[in-house]
Amino acid sequence: MGALKYILPLFLVGMGLGHAQEDPEIAWSPDHRLSWDDFKGRAPQNDRAAAVTASGISYGFSTSYTSGKLNVDFKVSAYFYPDKSWYRPHLCDSTILSHEQLHFDISELYARKLGACLAQSTFTQNIKQEVKTIYREILKELEAYQGQYDRETDFSRDKVQQALWNTRIKEALQN
């Protein structure tokens with residue numbers, strides 16, 4: 001069975017906006033913090049948000065058999081999609097950038113969660129569907145958590161809650 005790859009960008013707005021040449025996605029790294037230069041998309045006229053981060057999780061796996069036993073090798077990553085992420089410079093500041101970074105960091109947390117779930121699972125010949133089911137469940141959790149983050153921080157406007165979330169996610173990434 002060959003390697004498979006699935007990508008689901010989250011929080012996409014304006015997917016119909018095309019560019020002649022798309023910038024490649026940015027893999028999450030503890031050493032790379034987003035800057036406004038990473039946001040290459042165009043803000044839709046009818047959207048009132050100050051900024052949108054398009055991030056998501058992708059996975060790939062390969063299988064082999066040894067002595068009749070299924071061996072599975074997974075690769076799970078979180079990505080930021082520059083061409084689908086945008087901001088309105090006149091509305092944005094470092095606080096909003098930090099808020100957007102945390103959306104990307106949350107995607108990384110759920111990429112790790114997906115990796116752990118896949119590593120602990122036992123699969124059958126129906127591995128493609130079994131992995132897809134786990135992936136979809138993690139994505140539902142991720143989407144709910146991203147929504148909770150936005151609600152509790154009031155999209156970065158609640159400074160106390162934003163500081164609490166910054167600490168929570170930083171600690172979770174360190175563990």
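User: Which residue caps the N-terminal end of α3?
Analyst: D158 does. One of its side-chain oxygens lies 3.2 Å from the backbone nitrogen of V160. That is a polar contact (N or O atoms within 3.5 Å, one able to donate a hydrogen and the other to accept it; residues adjacent in sequence count only if both atoms are side-chain atoms).

User: What am I looking at, and how are things numbered?
Analyst: This is a predicted model, where local features need pLDDT of at least 70 and side-chain atom pairs pLDDT 80 or more, while totals for chains, interfaces and linings use all residues. Residues are numbered from 1 along each chain as its sequence is written, and side-chain values use heavy atoms, leaving out hydrogens and water.

User: Back to α3. How many residues does it have?
Analyst: It has 16, residues 159-174. Helices here are DSSP runs of H or I with at least four residues; strands are E runs of at least two, and both are numbered from the N terminus. From first to last C-alpha, α3 reaches 23 Å, close to the expected 22 Å. The expected span is 1.5 Å times one less than the number of residues.

User: Which residues of α3 are buried?
Analyst: Q162, W165, I169 and L173. Buried means under 20% relative accessible area, exposed over 50%, partly exposed in between (1.4 Å probe, protein chains only).

User: Where do they sit around the axis?
Analyst: On the same side of α3, because they cover an arc of only 65°. The arc uses directions from the helix axis to the C-beta atoms. An α-helix has 3.6 residues a turn, so residues three or four places apart point the same way.

User: What covers those buried residues?
Analyst: The cover includes α1 and α2. Turned away from the buried side, α3 carries exposed V160, K170 and Q174.

User: What does I106 touch?
Analyst: L142, Y145, Q146, Y149, W165 and I169, leaving aside residues up to four places away in sequence. Contact means heavy atoms within 4.5 Å.

User: New topic. How many salt bridges are there?
Analyst: Four. The rule is a Lys or Arg side-chain nitrogen within 4 Å of an Asp or Glu carboxyl oxygen.

User: Which residue pairs with D105?
Analyst: R33, with the closest N and O atoms 2.8 Å apart. D105 is in helix α1 (residues 94-120) and R33 in the loop between β2 (26-27) and β3 (51-52), so the bridge ties parts 72 residues apart in sequence.

User: D105: buried or exposed?
Analyst: Buried, at 2% relative accessible area. R33 is partly exposed, at 41%.

User: What does K113 meet?
Analyst: E141, in a salt bridge at 2.4 Å, N to O. K113 is in α1 and E141 in α2 (residues 127-153), 28 residues apart. Both residues are partly exposed: K113 at 34% and E141 at 27%.

User: And R112, what is its partner?
Analyst: E108, at 2.8 Å from N to O. R112 is partly exposed at 33%, while E108 is buried at 11%.
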